[in-house]
Amino acid sequence: MSERCSKWIYAGSWLGHQCRHNDKVERDGKWYCGIHDPVRVAEKMKARDAKWDAKWKKQERQWKWLDAAHDLCAGVSTKTLIELGKGWLVKHLAEAEKENL
Ligand SMILES: [Zn+2]
């Protein structure tokens, strides 16, 4: 006998409704469709976490670089930096600060 996916969906209505997809896999006595298979969902979450990790590592590197840049430029006025031909750095720092807001 074919059962329906056990997933209860709350999106779209107050009381929610059971997933209308037919069963595909059985997990701990409950049936799930291909979309709501807990194992697949967990894998997707893991993939998403890995993506976030990579994103944060990149962000961290950027922040570290900016920290170093800030240290290097500490005590040097914007005017001096521009005069030294380092205007691009000022612009870069200003843009980075805008992004972090
Ligand atoms: Zn489902």
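Trainee: Strands here are DSSP runs of E, at least two residues, numbered from the N terminus. Where does aspartate 28 lie relative to them?

Mentor: This is a predicted model, to begin with. Aspartate 28 lies in the loop that links strand S3 (25-27) with strand S4 (30-32).

Trainee: What is the phi of aspartate 28?

Mentor: Its phi is near 50°, a positive value in a residue that is not glycine.

Trainee: Buried or exposed, that aspartate 28?

Mentor: Exposed, because aspartate 28 has 6 other C-beta atoms within 10 Å, and a residue with 12 or fewer counts as exposed.

Trainee: Zooming out, how many helices and strands does the protein chain have?

Mentor: There are 3 helices and 4 strands. Read from the N terminus, the order is β-β-β-β-α-α-α.

Trainee: And what share of the residues counts as buried?

Mentor: 5% of the 101 residues in the protein chain. Of the contacts between residues at least 6 apart in sequence, 25% join residues at least 24 apart.

Trainee: Helix H1 next. What should its 36 residues span?

Mentor: H1 covers residues 38-73 and should span 52 Å at 1.5 Å a residue. The C-alpha atoms at its ends are 51 Å apart, which agrees.

Trainee: What is the count of buried residues in H1?

Mentor: It is 0 among the 36, and H1 is hardly covered. Just after H1 comes glycine 75, with a positive phi of about 80°.

Trainee: Different topic. Where is lysine 7?

Mentor: Lysine 7 sits in the segment before strand S1 (8-9).

Trainee: Which residues is it in contact with, leaving aside neighbours within four places in sequence?

Mentor: Lysine 7 is in contact with Cys19, Tyr32 and His36. Aspartate 37 is 30 residues from lysine 7 in sequence, and their C-alpha atoms are 8.8 Å apart.

Trainee: Why does lysine 7 count as partly exposed?

Mentor: Because it has 19 C-beta neighbours inside 10 Å, and a residue needs 20 or more to be buried.

Trainee: How far is lysine 91 from threonine 78?

Mentor: The two are 13 residues apart in sequence and 9.9 Å apart in space, from C-alpha to C-alpha.

How values were computed: Residues numbered from 1 in each chain as written. Predicted model: local features only at pLDDT ≥ 70, side-chain atom pairs only at ≥ 80, totals over all residues. Contact = placed C-beta atoms within 7 Å. Expected span 1.5 Å × (residues − 1).
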